[in-house]
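User: I would like to learn how to read packing, voids and ring pairs in a protein model. Please give the general idea each time, then the case at hand.

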Amino acid sequence: MSTRIAFLKGHGTENDFVIVPDPENVIDLPPTAVAALCDRRAGIGGDGLLHVVRSAAHPEGEDMAAEAEWFMDYRNGDGSIAEMCGNGVRVFARYLQRAGLVPEGDIAVATRGGVKSVHIAKDGDVTVGMGRARLPEGEVTVSVGERSWPARNVNMGNPHAVAFVEDLAHAGDLYSPPPFSPASAYPDGVNVEFVVDRGPGHVALRVHERGSGETRSCGTGACAVAVAAARRDGVDPAATGNPATYTVDVPGGRLVITERPDGEIEMTGPAVIVATGEIDSEWLENAAR
């Protein structure tokens, strides 16, 4: 007799996720199973999967258990492991609050990119402390068809290439990863953001997420874009002593990104749980083969 595994479905600016609560880390989720769950035709469908585990119960989270009770074991839609997902952290926090596991207000969430500070507001928005951006040296180029652009290399715990373009349509269909060079800049692949200006302190993007294709939103990508835009505009909060805030439009909505003088970056946006259900464990076992 098959058993049932609880799941939820949520999204942050339409970056959507399958959520699998598993506090003691007893559910086997190999890459094939994750890819099957995220399949939009044969599975539940999602850009990625949020595996909700107590930090102490996960080998990659146990060292952070003293700082954060919960570990976000995040997987891309193809089943590969990712260091961090900004929209995912907001939805992860919303699930914890909805399930009565944490209150509104300030909480900590452990991720492969470190412990993230999260604030759950009463108005529904969630703010995540995304850490500091690193700006590796060296020139990077990204291409689509016959067009190519210089890109800013920004690392938000995961790698990004940010290219400013004249028209977001120039990004093409984004079904496959846009080529980049040199290959040594991103040995494990990269998230590529194509960006246009909408006004002062206001940009819009399209993104190809490594392991997922084009998504409706990318939280770490929005942060990378805000930092790249600020530097392009000659703004560095560490030098001016003033925070820099950019509004970043993504296909699925709007995020507000603030870089503080100490380098910490905060991202604010919505996080919504839209459905709950049960996974047939027999189906999942067969899908994982």
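User: By class, how many nonpolar, polar and charged residues does the lining of the largest pocket have?

Analyst: First, the ground rules. This is a predicted model, where local features need pLDDT of at least 70 and side-chain atom pairs count only at pLDDT 80 or more, while totals for chains, interfaces and linings use all residues. Residues are numbered from 1 along each chain as its sequence is written, and side-chain values use heavy atoms, with hydrogens and water left out. On a 1 Å grid over the protein atoms alone, a pocket is an open set of points with protein on both sides within 12 Å along at least five of seven lines; a cavity is a set where a 1.4 Å probe fits but cannot get out; lining residues have an atom within 4 Å of a point. Ala, Val, Leu, Ile, Met, Phe, Trp, Tyr, Cys and Pro count as nonpolar, Asp, Glu, Lys and Arg as charged, and the others, Gly among them, as polar. Here the lining of the largest pocket has 5 nonpolar, 3 polar and 4 charged residues. Among them are Glu 83, Arg 134, Asp 188 and Arg 210.

User: What is the volume of the largest pocket?

Analyst: Grid points are joined across faces, edges and corners, and a volume is the space filled by probe spheres set on the points. For the largest pocket, that comes to about 160 Å³.

User: How many cavities of 30 Å³ or more are there?

Analyst: The count is 2. The largest cavity has a volume of about 80 Å³, and of its 13 lining residues, Asn 76, Met 84, Asn 158, Asn 191 and Glu 209 lie nearest its centre. That lining divides into 5 nonpolar, 5 polar and 3 charged residues. The second largest cavity holds about 40 Å³ of space, and its lining has 6 nonpolar, 1 polar and 1 charged residues.

User: Which elements each supply at least two residues of the lining of the second largest cavity?

Analyst: Helices (H or I, at least four residues) and strands (E, at least two) are DSSP runs, numbered from the N terminus. Helix 3, strand 15 (244-250) and strand 16 (253-259) each supply at least two. Ala 226, Ala 244 and Ile 257 are among the lining residues.

User: Which residues have the most contacts inside the largest nonpolar core?

Analyst: A nonpolar core is a set of buried Ala, Val, Leu, Ile, Met, Phe, Trp, Tyr and Cys residues joined through side-chain atoms within 4.5 Å. Buried means under 20% relative accessible area, exposed over 50%, partly exposed in between (1.4 Å probe, protein chains only). The largest core has 51 residues, and Val 118 and Ile 257 have the most contacts inside it. Helix 3 (residues 219-232) gives the most to this core, with 9 residues. A second, separate core of 16 residues includes Val 142 and Leu 174.

User: How many aromatic pairs does the structure hold?

Analyst: Rings of Phe, Tyr and Trp (its six-membered ring) pair if their centres lie within 6.5 Å; planes under 30 degrees apart count as stacked, over 60 as edge-to-face and the rest as tilted. The structure holds 3 such pairs. The ring centres of Trp 149 and Phe 194 are 5.6 Å apart with planes at 75 degrees, so that pair is edge-to-face. Trp 149 lies in strand 9 (residues 147-155) and Phe 194 in strand 12 (residues 191-199), so the pair ties together parts 45 residues apart in sequence.

User: Is Phe 194 buried or exposed?

Analyst: Phe 194 is buried, with a relative accessible area of 0%.
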